[in-house]
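User: Could you walk me through this one? I'd like to start with the charged pairs.

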Amino acid sequence: MAKSKLLPPAEDLTQRAVNSTTGMDLRLSPGVLRRLEEVVNKSRERFVVDLAARLRKLRASAQARTDGQMSDVDLLKLVFEESLQIKGMGGTIGYQVLSLIATTLNDFVTERQTLGRIQFEILQLHIDAMYVVIADRITDNGGILEDQVLSGLRTAVRKFS
């Protein structure tokens, strides 16, 4: 049996792939940087709009549960799916604290079938906290206040799971 061998690319292919006259220029000019920043900002804005829609949907569903129009199982399934999406989206676009809150919420609803009064309030607190993060555009890990809020949510989840 013949041994496999990794072949380096031919020199002319390397020159064509990264070449300032005929290929891709690796230097980022101020114009290219500005366009890249615009793309990132538009992407971030789309994320915020999408996230706000998800949070409105969660609030409306929580109200539907309160009004007896939605079962605990359906609400928990929706919250599980949405929190999982938010968890992934937040970290991608620089809202790590949002991802942390969504992670706590997702852990809280995983495998849960019913909601008592306190568990329902904990669920709503998570949704409200995510609203605040988006409304105040709290990026990265937030500050001392966000750390305390997250700590309180984690304690509530641990105590009432």
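Analyst: A salt bridge here is a side-chain nitrogen of Lys or Arg within 4 Å of a carboxyl oxygen of Asp or Glu. Please keep in mind that this is a predicted model. By that criterion the side chains of Arg 54 and Asp 50 form a salt bridge, with N to O at 3.0 Å.

User: Where do Arg 54 and Asp 50 lie?

Analyst: Both residues sit in helix α2, four residues apart, which is about one turn of the helix.

User: And is Arg 54 buried or exposed?

Analyst: Arg 54 is buried, at a relative accessible area of 18%, the cut-off for buried being under 20%, whereas Asp 50 counts as partly exposed at 30%.

User: Which residue does Arg 59 pair with?

Analyst: Arg 59 forms a salt bridge with Asp 128, and their closest N and O atoms are 2.7 Å apart. This pair links distant parts of the chain, since Arg 59 belongs to helix α2 and Asp 128 to helix α5, 69 residues apart.

User: What about Glu 45?

Analyst: Glu 45 meets Arg 137 in a salt bridge at 3.3 Å, N to O. Glu 45 lies in helix α2 and Arg 137 in the loop between α5 and α6, so the pair ties together parts that are 92 residues apart in sequence.

User: Changing topic, how many helices and strands are there?

Analyst: The chain has six helices and zero strands, and of its 161 residues 34% count as buried. Among contacts between residues at least 6 apart in sequence, 71% join residues at least 24 apart.

Terms used. Residues numbered from 1 in each chain as written. Predicted model: local features only at pLDDT ≥ 70, side-chain atom pairs only at ≥ 80, totals over all residues. Heavy atoms only, no water. Helix = DSSP H or I, 4+ residues; strand = E, 2+ residues; numbered from the N terminus. Buried < 20%, exposed > 50% of the residue type's maximum accessible area, 1.4 Å probe, protein only. Contact = heavy atoms within 4.5 Å.
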